[in-house]
Amino acid sequence: MPIIATIEDDDIDAMLIAEDLCHLGRVVRFKTLWEGMAAMVEDPPDAVVLDLHMSDSPNADCVGLVCGLLPGVPVIVCSDDASEDSAAKSLAGGAVAHLHKAAIGSGRLPMTIDQFLHQHHAVAA
């Protein structure tokens, strides 16, 4: 069963993401970037859903930090920021996708995660 880590500081968004993804695997939520990074270095997940604007690291390059820590693990950004600039920065930083939080509950987030989980496992095999 795949492990999907979510790094999300908003409790409601975290709950909605977990509900959206629970059929894909075990969803593990981290409330801060640093909590997530400390735990994921010890037990790497199969995929990460990452909020860009974390309260514990407002100026950090969240995508670059997580992608640098977990090379090869798909990182999907799910953010309130839907701008093209934000998406471009996420993808340049190593994320495989950038979705607006409006995608939660629409089926796009699990479809995107499932696609990259299959690609990740195919490459690892």
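User: Which residues are buried in H1?

Analyst: Asp13, Ala14, Ile17, Asp20 and Leu21 are the buried ones in H1. They sit on the same side of H1, because they cover an arc of only 125° around the axis. That arc is taken from the directions from the helix axis to the C-beta atoms. Buried means under 20% relative accessible area, exposed over 50%, and partly exposed in between, with a 1.4 Å probe and protein chains only.

User: What kind of model is this, and how are residues numbered?

Analyst: This is a predicted model, in which local features need pLDDT of at least 70 and side-chain atom pairs count only at pLDDT 80 or more, while totals for chains, interfaces and linings use all residues. Residues are numbered from 1 along each chain as its sequence is written, and side-chain values use heavy atoms, with hydrogens and water left out.

User: Back to H1. What does the face turned away from the buried side carry?

Analyst: That face carries Ile12 and Glu19, which are exposed. In general, an α-helix has 3.6 residues a turn, so residues three or four places apart point the same way.

User: Which residue caps the N-terminal end of H1?

Analyst: Asp10 does, with a side-chain oxygen 3.1 Å from the backbone nitrogen of Ile12. The backbone nitrogen of Asp10 in turn lies 2.9 Å from a polar side-chain atom of Glu8.

User: Strands next. How many bridges join S1 to S2?

Analyst: S1 (residues 3-7) and S2 (residues 26-30) run parallel and are joined by 5 bridges. From S1 the chain passes through H1 (residues 11-21) to reach S2, a β-α-β crossover that is right-handed. Right-handed means that, with the strands pointing away from the viewer, the path from the first strand over the helix to the second runs clockwise. Strands pair if DSSP finds at least two bridges between them. Helices (H or I, at least four residues) and strands (E, at least two) are DSSP runs, numbered from the N terminus.

User: And S1 to S3, how many bridges there?

Analyst: 4 bridges, with S1 and S3 (residues 47-50) running parallel. Ile4 has Ala47 as its bridge partner in S3, and Val27 as its partner in S2. Thr6 stands opposite Arg29 in S2.

User: Which way do the S1 side chains point?

Analyst: Ile3, Ala5 and Ile7 point one way, Ile4 and Thr6 the other, and all are buried. With 5 of its 5 residues buried, S1 is largely enclosed by the rest of the structure.

User: Salt bridges: what does the count come to?

Analyst: 6, where a salt bridge is a side-chain nitrogen of Lys or Arg within 4 Å of a carboxyl oxygen of Asp or Glu. One of them joins Glu8 and Lys101, at 3.0 Å from N to O. Glu8 is in the loop between S1 and H1 and Lys101 in the loop between S5 (97-100) and H5 (108-124), so the pair ties together parts that are 93 residues apart in sequence.

User: Where is the partner in the salt bridge of Asp13 and Lys101?

Analyst: Asp13 and Lys101 meet at 2.9 Å, N to O. Asp13 is in helix H1 and Lys101 in the loop between S5 and H5, 88 residues apart.

User: Is Lys101 buried or exposed?

Analyst: Lys101 is buried, at a relative accessible area of 9%. Glu8 is buried at 1%, and Asp13 counts as buried at 16% relative accessibility.

User: What else is Glu8 in contact with?

Analyst: Leaving aside neighbours within four places in sequence, Glu8 is in contact with residues including Ala14, Ile17, Arg29, Asp51 and Met54 (contact means heavy atoms within 4.5 Å).

User: Which residue forms a salt bridge with Lys89?

Analyst: Asp85, with the closest N and O atoms 3.4 Å apart. Lys89 counts as exposed at 57% relative accessibility, and Asp85 as partly exposed at 48%. The two are 4 residues apart in helix H4 (residues 84-92), which means they are separated by about one helical turn.

Notes. Polar contact = N/O pair within 3.5 Å; in protein donor to acceptor, adjacent residues only side chain to side chain.
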